Amino acid sequence: MSLIKCPDCGNDVSDHAATCPKCGYPIKRDPGVDPTPAAVNDLDALVRKTLLEEGKIAAIKLYREEHPGVGLAEAKTKIEEFNKSRQ
């Protein structure tokens, strides 16, 4: 058993868990299949965590720092998608 990061909230979760105990995000998937690279999951989790803890503006700023060349409108749309997915 190992710990992985929840893609939704960034919480440490057992790789055998069906859902994240903190936010309820579904964790269980086909063995050996990772639908997105770890770096993407880590960044998404960090952006989601920032959104929860520091708010929308901080999350947009972080997203733009990690994605050079992304405009304000595109970053805002992405953060709003993150926000909708957690509700």
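Phe 82 lies in helix H3, and please keep in mind that the model you are viewing is a predicted one. Is Phe 82 buried or exposed? Its relative accessibility is 4%, and since anything under 20% is taken as buried, Phe 82 counts as buried.

Next, its partners. Setting aside residues up to four places away in sequence, Phe 82 touches Asp 44, Val 47, Arg 48 and Leu 51. Take Leu 51: 31 residues separate it from Phe 82 in sequence, while the C-alpha to C-alpha separation in space is 8.5 Å.

Phe 82 also belongs to the largest nonpolar core, which has 11 residues in all. H2 gives the most, with 4 residues.

Leaving out neighbours within four places in sequence, Ile 79 is in contact with Val 47, Leu 51, Lys 56, Ala 59, Ile 60 and Tyr 63.

Now for H2. Its buried residues are Ala 59, Ile 60, Leu 62 and Tyr 63. They sit on the same side of H2 because they cover an arc of only 165° around the axis. As background, an α-helix has 3.6 residues a turn, so residues three or four places apart point the same way. On the face of H2 turned away from its buried side you will find the exposed residues Ile 57, Lys 61 and Glu 65.

Stepping back to the whole chain, there are 3 helices and 2 strands, and from the N terminus on the elements run β-β-α-α-α. Of the 87 residues, 30% count as buried. A second, separate core holds 6 residues, including Cys 9, Val 13, Ala 17 and Ile 27. Among contacts with a separation of 6 or more, 26% join residues 24 or more positions apart. The accessible surface of the chain is about 5800 Å², and carbon and sulfur atoms account for 54% of it.

Conventions: Residues are numbered from 1 along each chain as its sequence is written. This is a predicted model: local features need pLDDT of at least 70, side-chain atom pairs count only at pLDDT 80 or more; totals for chains, interfaces and linings use all residues. Side-chain values use heavy atoms; hydrogens and water are left out. A nonpolar core is a set of buried Ala, Val, Leu, Ile, Met, Phe, Trp, Tyr and Cys residues joined through side-chain atoms within 4.5 Å. Buried means under 20% relative accessible area, exposed over 50%, partly exposed in between (1.4 Å probe, protein chains only). Contact means heavy atoms within 4.5 Å. Accessible areas come from the Shrake-Rupley method with a 1.4 Å probe; for residues, only the protein chains shown count as cover. The arc is that of the directions from the helix axis to the C-beta atoms.
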